[in-house]
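Here is a short briefing on one protein chain. Keep the sequence and the 3D view open while reading.

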Amino acid sequence: MVFSHHSHSGQFCRHAVGSLESMVAEAARKGFKMYSITEHCPRWRDQDLYPEEIEANVTPPDLEATFEAFLSEAQRLKQLYANNGSGMEILVGMETEHIYEEDLSLLKTVIDRNRNKLDFLVGSVHHSDGHPIDFSKERFEEAVQWYASVLTQRGGEERVDESAAALSALLESYFHAQRRLMEALHPDVIGHFALPLLFTPTTVLASHSTAYALAMGNIRYAIAYGALFELSSAPFRKGWDQGWPGEEVVRMVIEEGGRFCLSDDAHTVGQVGLNYHRLKEWIEKVGVKREMVYRLYKPGDGPLQRIPIEEEDWKRIGNHA
């Protein structure tokens, strides 16, 4: 194993399992050189709570407290592994949300308050117009139906395929939100780009012309300020035969000269480094070369750096899978 830039633990995330320390220990056991722990940022409205949070009577203030507790534990583990001879570096990050207009300013406040505890940001969007798009297939389909109803209410020209038009509208909303997030925060890693395709893996983004143009614009913007695009092994455990963000988007990034980083997006100990061997095979198949894959590195109190993966580390991807 080598590096991962995105993970969660059940200690601080209700849809994950296991303690943060157990996740980190497994990464060390598997020989990771750097493992990132990147918990979700808080959400500030009751309506944005997920079912398992509602069931547990979690409130938005609880989510803020949980994130602060995560940062404290993450810093403890970072210092522990910096001095225990494991040879594994830990980076502490936040995975973002952007659900409605005002949450970006709230998010900035949390980031500014914790700048000395956060090494980097994973820029992710999990909603379109307030609808969760990756929680479950049912919730995703509800979102598509909502867009279909909005289009019906607006009327206008006849549409050959209403479901395709609804998906287009969802995608466009998603990419607009992603752009607002990138402009506001300049996240270091772009998390699971084009997430709405998770439950429609056969969708060709280019067949949704406006959404495709927005996606390309976001790719160019992220490249211009130096972001890395996440190559994730997570889809393999969800039944996909390819990694994230899928072949079409990867080729778009390559064509624009973008750079990538690796992640497992683990939510359990058993998912740490899972399917990295399949990820390596897939990214080579779609044209990703070693020179395009980078890692984040933070030397002591120095600035965050983006450095290319070395040949030896490239060969080690997927060992102990």
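The points below go from the whole chain to single residues.

This is a predicted model. By the salt-bridge rule, the count is 20.

**Overall shape and packing**

- Along the principal axes, the C-alpha atoms fill a box of roughly 65 × 45 × 35 Å.
- Buried residues account for 55% of the 321 residues.
- Take the contacts between residues at least 6 apart in sequence: 76% of them join residues at least 24 apart.
- The accessible surface is about 13,700 Å². Carbon and sulfur atoms supply 48% of that surface.

**Charges**

- The chain carries 33 positive and 48 negative charges.
- The mean positions of the positive and the negative charges lie 6 Å apart.
- Side chains of opposite charge can pair when their charged atoms come close.

**Salt bridge Glu89–Arg295**

- Glu89 and Arg295 form a salt bridge, with 2.5 Å between the closest N and O atoms.
- Glu89 belongs to strand S3 (residues 89–95) and Arg295 to strand S10 (residues 294–297), so this pair ties together parts that are 206 residues apart in sequence.
- Are the two partners, Glu89 and Arg295, buried or exposed? Both are buried.

**Salt bridge Glu142–Arg139**

- Here the closest N and O atoms of Glu142 and Arg139 are 3.8 Å apart.
- Both residues sit in helix H5 (residues 137–154). They are 3 residues apart, about one turn of the helix.
- Glu142 has 48% relative accessibility, so it counts as partly exposed.
- Arg139 also counts as partly exposed, because its relative accessibility is 28%.

**Salt bridge Glu256–Arg220**

- The side chains of Glu256 and Arg220 meet at 3.1 Å, N to O, in a salt bridge.
- Glu256 is in the loop between helix H9 (247–255) and strand S9 (259–263), while Arg220 is in helix H7 (residues 209–225). The pair therefore ties together parts that are 36 residues apart in sequence.
- Glu256 is partly exposed, at 29% relative accessibility.
- Arg220 is partly exposed too, at 47% relative accessibility.

**Backbone exceptions**

- Most residues other than glycine have a negative phi, and most peptide bonds are trans.
- The peptide bond joining Trp244 and Pro245 is cis, with omega at about 15°.
- Pro245 is located in the loop between helix H8 (234–237) and H9.
- His186 has a positive phi of about 50°, although it is not a glycine.
- His186 is placed in the loop between helix H6 (162–185) and strand S7 (189–190). Its relative accessibility is 36%, so His186 counts as partly exposed.
- His192 is not a glycine, yet its phi is positive, at about 25°.
- His192 falls in the loop between S7 and H7.
- Does His192 count as buried or exposed? At 7% relative accessibility, His192 counts as buried, because the cut-off is under 20%.

- Ala74 is part of helix H3 (residues 60–82).
- Its relative accessibility is 0%, so Ala74 counts as buried.
- What does Ala74 touch, leaving out residues up to four places away in sequence? Its contacts are Leu20, Ile37 and Val92.
- Ala74 and Gly93 are 19 residues apart in sequence. Their C-alpha atoms are 9.1 Å apart in space.

Terms used
Residues are numbered from 1 along each chain as its sequence is written. This is a predicted model: local features need pLDDT of at least 70, side-chain atom pairs count only at pLDDT 80 or more; totals for chains, interfaces and linings use all residues. Side-chain values use heavy atoms; hydrogens and water are left out. Buried means under 20% relative accessible area, exposed over 50%, partly exposed in between (1.4 Å probe, protein chains only). Contact means heavy atoms within 4.5 Å. Accessible areas come from the Shrake-Rupley method with a 1.4 Å probe; for residues, only the protein chains shown count as cover. Lys and Arg count as positive and Asp and Glu as negative; His and the chain ends are not counted. The place of a charge is taken as NZ of Lys, CZ of Arg, CG of Asp or CD of Glu. A salt bridge is a side-chain nitrogen of Lys or Arg within 4 Å of a carboxyl oxygen of Asp or Glu. Helices (H or I, at least four residues) and strands (E, at least two) are DSSP runs, numbered from the N terminus.
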